Amino acid sequence: MNVYLDYQSSKPVDPRVIKAMNPYFNELYGNPSSLHSVGDEATEALDKSRSKISGLIQAEPDEIIFTSGATESNNLALIGYALKNKSQGKHIIISETEHISIHNTAKFLMKSGFEVSKVPVDHYGQVHLNKIRERLTDNTLLVSIGYASNEVGTIQPIKEIGRLCRKKKIAFHTDAVAAEGLLALDVQKDPIDLMTLSSNDIYGPKGLGVLYVRKGIRLMPQIIGGGQENGIRSGTENLPAIAGMARAAEIVMLEREQEAKKLQSFRDTLIKEILKNIPRSYLNGHPENRLPNNAHFRFDGIEGESLLLSLNDKGISVSTGSACSSKTLEPSHTLIAMGLLHEEAHGSLELTVGRFTEKSDIESVIKALPEVVDRLRKLSPIY
Amino acid sequence: MKSTSYSKKVLDHFRNPRNVGTLIGKDIAKGTVGNPVCGDLMEFTLKVKNNRIQDIKFKTFGCGSAVATASMVTELAKGKTLDEALKITRQDVADELDGLPPVKMHCSNLAADALKAAIKNYKEKQKKKHSEKKEVKDPLKKEIPGEKEFLGKGVYHKVIEPSLLKEKRILIQDKGKESRELAETLARYSPRVVLLTQEKSKNVAANLKAKLKQSNVKILFESELVGILGLNEVEKVKIHDLDEDNTYELFVDAVVI
């Protein structure tokens with residue numbers, strides 16, 4: 001049995017995407033920077049792809065910058081904006097629950113003379129506008145708040161945060177990786193200046209990310225070279241991946257609503273059944289305002305890595321916020337910021353469903369979990 | 001940690017742990033090491049006869065290697081004299097398990113330590129020496145940094161209207177019966193109520209613990225509130241763990257002192 005409920009960590013590439021990528025390996029292999037006709041074909045493909053991807057978030061094609069992935073996009077957004085605009089201020093605001101690439105980039109900027117404030121979240125992992133407002137100073141340059149938590153799935157009030165920043169003439173960046181493909185992203189409706197996207201998170205290939213840069217927002221390039229991507233991100237474009245992401249974006253535009261509905265019904269079944277079947281189990285994150293693919297739990301008295309290993313023995317792949325499963329041996333900073341004690345953060349389980357999840361996968365984990373939790377609780381001195 | 005990076009032996013002991021449980025009786029010695037607040041917790045109970053470990057059982061809250069190392073230590077210790085058992089090192093445990101991932105060596109350290117603690121407990125019992133009693137300080141006497149600054153802005157000395165703390169994360173400093181009852185009351189309004197006490201777990205009556213657990217109140221034993229932090233109102237507290245002697249932060253919205 002092979003049940004994969006860890007779509008947040010990695011997604012398979014959609015076969016339709018692979019098909020769209022294939023010609024770009026040895027048929028359309030030109031370099032868009034070349035002046036000959038092979039290069040022209042590549043330029044045309046690049047332009048078309050850029051246009052399709054921009055449609056995913058209602059942006060203009062020339063507001064799309066290709067990068068090597070979401071981590072690079074987050075680096076470019078924060079460092080690129082901070083360095084280019086430091087004459088206007090040196091204060092940056094992020095939230096306590098940002099992705100590690102935002103946290104560590106902010107830490108890097110602190111070492112480079114910038115000041116960073118972290119906005120706390122409530123017990124659902126949600127940011128409150130007044131907590132941002134009270135941290136704003138005349139020196140504030142940039143606010144970066146993720147669209148939704150990649151861990152517990154809580155969705156942030158992005159429109160309101162964007163409006164606040166716009167009013168105060170502060171740039172607003174959002175890492176939308178967890179939400180893309182699931183929620184309708186629209187940079188026309190929502191006042192967002194910089195947005196991070198990733199190809200793999202919409203079932204495209206890995207190694208490609210996007211930074212949306214609103215017209216008029218200026219960045220200091222972090223990779224210097226031949227001046228590709230309007231001089232903001234040099235390096236020959238990864239055309240096979242870009243063509244793949246364009247196809248992935250097309251599929252999202254056609255199928256997102258229906259897919260999100262299906263995922264949400266899986267999610268709701270998981271939440272309902274697991275909370276019902278397992279005593280002293282709790283849902284982490286917001287009960288309603290959460291991504292349709294995310295079900296995040298904690299169980300009193302047990303530790304997540306043991307849980308993960310036990311489920312793995314049954315052919316079920318999942319994630320946990322436990323310290324023992326991380327490289328740093330620190331528990332998830334998101335769960336700690338929500339006010340959980342370390343022992344509670346240790347006992348967490350993240351289930352994320354996706355495009356290829358089937359009803360039988362949901363049934364398998366619902367069936368396997370009570371027995372596994374029970375066995376580990378029998379071993380536990382604190383249950 | 002990838003399950004594939006554990007040896008076959010580690011996985012075997014994780015899947016089929018030996019000697020799980022708790023020995024009960026007057027002559028049973030117990031050793032506990034670690035703290036669930038900051039990581040793993042391991043507990044061994046021993047039965048000693050003629051200076052030899054006749055029986056040993058364990059319970060653990062921890063990762064795969066914590067379970068496996070505890071299980072292995074029980075196998076290594078069973079039948080050994082106390083002096084022989086005291087010589088078991090973390091390296092011995094790791095070697096017997098065909099190695100552990102480097103990052104996990106702290107877990108096997110814990111298993112050997114917990115065994116030593118249990119043996120020490122046995123020897124102390126033999127000498128009829130009682131462990132020294134920790135002086136419980138009166139939490140009322142000391143003002144906590146931040147207490148004055150945030151009074152009325154998340155710090156309360158009294159809660160008159162519990163519904164105003166609805167959905168808030170609340171920390172209550174234990175001052176006896178009254179605060180424990182308040183914890184129970186507030187747990188009806190908020191999913192996050194933590195009772196902080198300097199008492200050791202074993203000194204708190206089991207029925208009280210069960211009652212608080214039932215009403216979903218978390219208890220932090222052997223802990224002291226040492227700071228209240230925030231910008232305009234309370235956002236987090238600093239807690240000193242008296243047992244482990246370390247200080248950590250907990251995100252809360254309200255503190256009742």
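In this predicted model, the axes of helix α8 (residues 239-277) and helix α12 (residues 359-379) of chain A come within 10 Å and cross at roughly 15°. That angle makes α8(A) roughly parallel to α12(A), because angles under 35 degrees count as roughly parallel. The crossing of α8(A) past α12(A) is right-handed. From α8(A), the contact draws on A:Phe266, A:Thr269, A:Leu270, A:Glu273, A:Ile274 and A:Asn277. From α12(A) come A:Ile362, A:Ile366, A:Leu369 and A:Pro370. By class, the residues of this contact are seven nonpolar, two polar and one charged.

The contact between chains A and B takes 27 residues from chain A and 30 residues from chain B. On the chain A side, α9 (304-313), α10 (333-337), α11 (342-346) and α12 each supply at least two residues. Helix α9(A) gives the most, with five residues. The side of chain A that touches chain B has twelve nonpolar, eight polar and seven charged residues.

In chain B, helix α2 covers residues 64-77. At 1.5 Å a residue, its 14 residues should span 20 Å. The end C-alpha atoms of α2(B) are 20 Å apart, which agrees with that expectation. Helix α2(B) is mostly covered, with 13 of its 14 residues buried. Just after α2(B), B:Gly79 takes a positive phi of about 90°.

Definitions and conventions:
Residues are numbered from 1 along each chain as its sequence is written. Chains are lettered from A and ligands numbered from 1 in the order in which they are written. This is a predicted model: local features need pLDDT of at least 70, side-chain atom pairs count only at pLDDT 80 or more; totals for chains, interfaces and linings use all residues. Helices (H or I, at least four residues) and strands (E, at least two) are DSSP runs, numbered from the N terminus. The expected span of a helix is 1.5 Å times one less than its number of residues. A residue is buried if 20 or more other C-beta atoms lie within 10 Å of its own, exposed if 12 or fewer, and partly exposed in between; C-beta atoms are placed from the backbone. Axes are lines fitted to C-alpha atoms, for helices over the stretch in contact, and angles run from 0 to 180 degrees between N-to-C directions. Angles under 35 degrees count as roughly parallel, over 145 as roughly antiparallel, 65 to 115 as roughly perpendicular and the rest as oblique. A crossing is left-handed if the near helix is turned anticlockwise from the far one by less than a right angle, and right-handed if clockwise. Two residues are in contact if their C-beta atoms, placed from the backbone, lie within 7 Å. Ala, Val, Leu, Ile, Met, Phe, Trp, Tyr, Cys and Pro count as nonpolar, Asp, Glu, Lys and Arg as charged, and the others, Gly among them, as polar.
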